[in-house]
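Dear colleague,

I am passing on the structure that follows, and I would be grateful if you could look through it alongside my notes.

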Amino acid sequence: MVSPTRTNSLYEQVHPLTTVMENRFVEWFVGKDLNHGTSGKVWYKGYSVSVPTMSMVDDIGGGFKITTGTNTYSDGRIYFAHDNGDQAGYEDSVKQFTHNSSTVISIFKEINVTTGSYSLSGFTGMATGNAGTTATQNANSGTFQSLSNVHCRTGDGTTTSQLETDLAKDTNWHIHRLDLYSANCKLAVDGTLKATKTTNLPQSGMSPVFYQAKGTGSGAKEGAIRYMEAYNR
Amino acid sequence: MATYEDIRNIFTRSSNNPTGVLPTTSYTLDIKNHFVEWFGGKELDDRWNESQSGTGTFAMSDSVNGGFTLYPASSNTNYAQINFNNKRPFAHNGSVMISVWKQPANNGGASTVGMCNSAGTSPNSWNKDFYGTRLWTTDTHYKLRTADASTVTESANSDVARNTNFNVFRWEATSSNVIMSVNGGTSVTKTTNLPTAKLQPILMSWNENGNRDYLHVSYVEAWNT
């Protein structure tokens, strides 16, 4: 890593002043609650089937946790949306990040790697009426109930597919980085390139998302996130 | 001075990388919690919790470099405090907090800035599992204050005399001590009565015997080391 040169601005740590910076977003996931709600806040909390618990964790480095309901196909998700109040269903996302020249970095973990759990972070193009992530433009990574390993997942609005890595699922914090290009989506986990996916790539803009779901199996499913950064390149 | 060092590192290492892979050396630092608050805008966001006894005042200051202001109600022991509502992501034995704040007058009130375990239960906020600074009306200099689960003590005077300007405070807690510097100057180290439990930021303005003062804060940064 190159040591940063001291400047009077954060801007100049990312770009020189001769370059107009694209959109950039950083979320630390600390504090009393997520910055969300109906009066112009950042995040929207959505869910399906049964009401999840979504809150900051009172623990060192705990981050923000989603606990799904116990019914099959319950989920909880946070993303940017025009908010009519946190609710069931799928609100239209605010799509500020490009599908072919953006990056999203997340530090998150699946808390209980058990049958039927999946934790995902990255981008979503969720729109009103979408049925979960499968019918949307999306590019994310994490765990999926039917796969043993961490995967890169993309959707082109019609078809969503997964590319499995050689990294087994576990309950530890990991740093996921997705770089989106016109020809592929690269997934790096903890600094190592793990997947380059070239099929079913998203076709239009998207929002950052963290998503925890329960497919089959017993009990609620949990995931937590403690850092997210997204930017257009 | 490391005021913005860590966030600079974060922005630098996440800048465009044609390979799409972060350098491995960044991950030890990346994995820790980090938090920055600029106290700009219309109002505090949902990350912060406002606690008080009586009806105090919490407001963004409509002035240049004004920051966010706290002012307690008019009765003895009233307080106005912001915290994380006991969501405590920071380690008592491995964390740093940096804050830029001022008490612009000394009318007999007190200001407290630092990390605590028990928010909204003043005086526990500054007397139990705490590190930071409490500026009391009789203080002539800034001090380092720490508390374990039962006992609170303060250091001798630092070399910075109390003043009405913004100052940059940096406190670092390890398993063996807490170190404070003011405006990047000489450090004060304290090894007794160190906090023993997880922590959250706290900023509090306190009414002592009916006397009160504004507390202005313009920056808070915290992370686990």
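Below is what I found in it, chain by chain.

The model is a predicted one, in which local features need pLDDT of at least 70 and side-chain atom pairs count only at pLDDT 80 or more, while totals for chains, interfaces and linings use all residues. Residues are numbered from 1 along each chain as its sequence is written, with chains lettered from A and ligands numbered from 1 in the order in which they are written.

Chain A

Chain A has one helix and 16 strands, where helices (H or I, at least four residues) and strands (E, at least two) are DSSP runs numbered from the N terminus. Its radius of gyration is 17 Å, close to the 17 Å given by the globule rule for 233 residues, so chain A is as compact as a globular protein of that length; the radius is taken over C-alpha atoms, and the rule is 2.2 Å times the number of residues to the power 0.38. The C-alpha trace of chain A spans about 55 × 40 × 35 Å along its principal axes. Of the 233 residues of this chain, 47% are buried, a residue being buried if 20 or more other C-beta atoms, placed from the backbone, lie within 10 Å of its own. Among contacts in chain A with a separation of 6 or more, 65% are between residues 24 or more positions apart, a contact requiring C-beta atoms, placed from the backbone, within 7 Å.

As a local detail, β10(A) (residues 149-156) pairs with β11(A) (residues 160-168) in the antiparallel sense over six bridges, pairing being assigned if DSSP finds at least two bridges between two strands. R153(A) has Q162(A) in β11(A) as its bridge partner. These two strands form a hairpin with three residues between them, and in the turn G157(A) has a positive phi of about 100°.

Chain B

Chain B has three helices and 15 strands, and buried residues make up 48% of its 225 residues. For chain B, 66% of the contacts between residues at least 6 apart in sequence join residues at least 24 apart.

Seven strands of chain B form an open sheet with antiparallel pairing, in the order β2-β5-β14-β7-β8-β9-β10. Its edge strands, each pairing on one side only, are β2 (49-53) and β10 (152-154) of chain B.

How values were computed: Buried ≥ 20, exposed ≤ 12 C-beta atoms within 10 Å, placed from the backbone. Contact = placed C-beta atoms within 7 Å.
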